[in-house]
Amino acid sequence: MFAPWIRTLSKNLFGRYLLVTNVVSGGTLLATGDIIQQTIELAGPNNGQKRDWSRTGRMCIIGTLMGPFNHFWYKMLDFYLPGTTFKTITRKILCDQVVAAPFFASFFLIGMGSLEGESIETSIADLKKKFWAIYLADWTVWPPAQAINFYFMPSHLRVIYVNTITLGWDTYLSYVKHRDANGKRAALASLEKEEIVIPANVELNGNIKKAQ
């Protein structure tokens, strides 16, 4: 009964409106990764803090902006490197790691910094500080994931596959981007919980009161 409706929906989502599907899924899953990361954070030292929905919104914007690049990147790879031979897949993976991975890591860090109100100088400094942590981790995750993508997945499902795998990766990106701010918030929260006891015979300016 639902089969024709499902086929029509699938044809539209992964055919006629594939670009829209890739863009929306990119933004949605990056935001979901941040929600997961904040849930982890709030269960730890930052459990006294409130969930930052504006941060999740910024992650969603960056994911949405990255969607078109992902869409056309994989179309270009399939156009110039067709086939599923070992040599072709190896070339695609190398192109993805050498060209796309550094671009997306840089776009993410600088884009998030801009949305958070940072100056371009501060965003570039943050990029220099965190780029290698992201890029080296990228080499441990994405080559095997992309080998599956390029061998098994049809071209029109590549981005949605990447976006799905990216859910765990997006959680990591959110952690790397915001770990400094989380550390500062935890330290401030710890200080706020400490009670400073002032003896009754000491004035706030540090002078000793005369005994009555």
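Axes here are lines fitted to C-alpha atoms, for helices over the stretch in contact, and angles between N-to-C directions run from 0 to 180 degrees.

**Figure 1. Helices α4 and α5 cross in this predicted model.** Let us start with a helix pair. Helix α4 covers residues 86-115 and helix α5 covers residues 120-152. Their axes come within 7 Å and cross at roughly 145 degrees. The crossing of α4 and α5 is right-handed. Sorted by class, the contact of α4 with α5 holds 20 nonpolar, 6 polar and 5 charged residues.

**Figure 2. Helices α2 and α3 pack against each other.** Helix α2 spans residues 18-42, and helix α3 spans residues 53-80. The two helices pack at an angle of about 145 degrees, and their axes are 7 Å apart. Here, too, the hand can be given: α2 passes α3 in a right-handed crossing. The contact of α2 with α3 has 12 nonpolar, 10 polar and 3 charged residues by class.

**Figure 3. Y74 and F150 form an aromatic pair between two helices.** The structure holds 14 aromatic pairs. In the pair of Y74 and F150, the ring centres are 6.2 Å apart and the planes stand at 50 degrees, so the pair is tilted. Because Y74 lies in helix α3 and F150 in helix α5, the pair ties together parts that are 76 residues apart in sequence. Both Y74 and F150 are buried.

**Figure 4. W132 and Y135 make an edge-to-face pair.** The ring centres of W132 and Y135 lie 5.8 Å apart, with the planes at 65 degrees; planes over 60 degrees apart count as edge-to-face, so this pair falls in that class. Both residues belong to helix α5, where they are 3 residues apart and thus separated by about one helical turn. Y135, in turn, counts as buried because its relative accessibility is 12%.

**Figure 5. R58 is a buried arginine in helix α3.** The place of R58 is in helix α3. With a relative accessibility of 18%, R58 counts as buried, because the cut-off for that class is under 20%. Which residues does R58 touch, not counting residues up to four places away in sequence? They are D52, M112, L115 and E116.

**Figure 6. D138 is a buried aspartate in helix α5.** D138 has its place in helix α5. The relative accessible area of D138 is 8%, so this residue is buried. Leaving aside neighbours within four places in sequence, D138 is in contact with Q97, A101, P143 and W169.

**Figure 7. The whole protein puts the close-ups in context.** The protein has 6 helices and 0 strands. From the N terminus on, the elements run α-α-α-α-α-α. Of the 212 residues, 37% count as buried. Among contacts between residues at least 6 apart in sequence, 71% join residues at least 24 apart.

Technical notes:
Residues numbered from 1 in each chain as written. Predicted model: local features only at pLDDT ≥ 70, side-chain atom pairs only at ≥ 80, totals over all residues. Heavy atoms only, no water. Helix = DSSP H or I, 4+ residues; strand = E, 2+ residues; numbered from the N terminus. Left-handed = near helix turned anticlockwise from the far one by under 90°. Nonpolar A, V, L, I, M, F, W, Y, C, P; charged D, E, K, R; others polar. Phe/Tyr/Trp six-rings, centres within 6.5 Å; stacked < 30°, edge-to-face > 60°. Buried < 20%, exposed > 50% of the residue type's maximum accessible area, 1.4 Å probe, protein only. Contact = heavy atoms within 4.5 Å.
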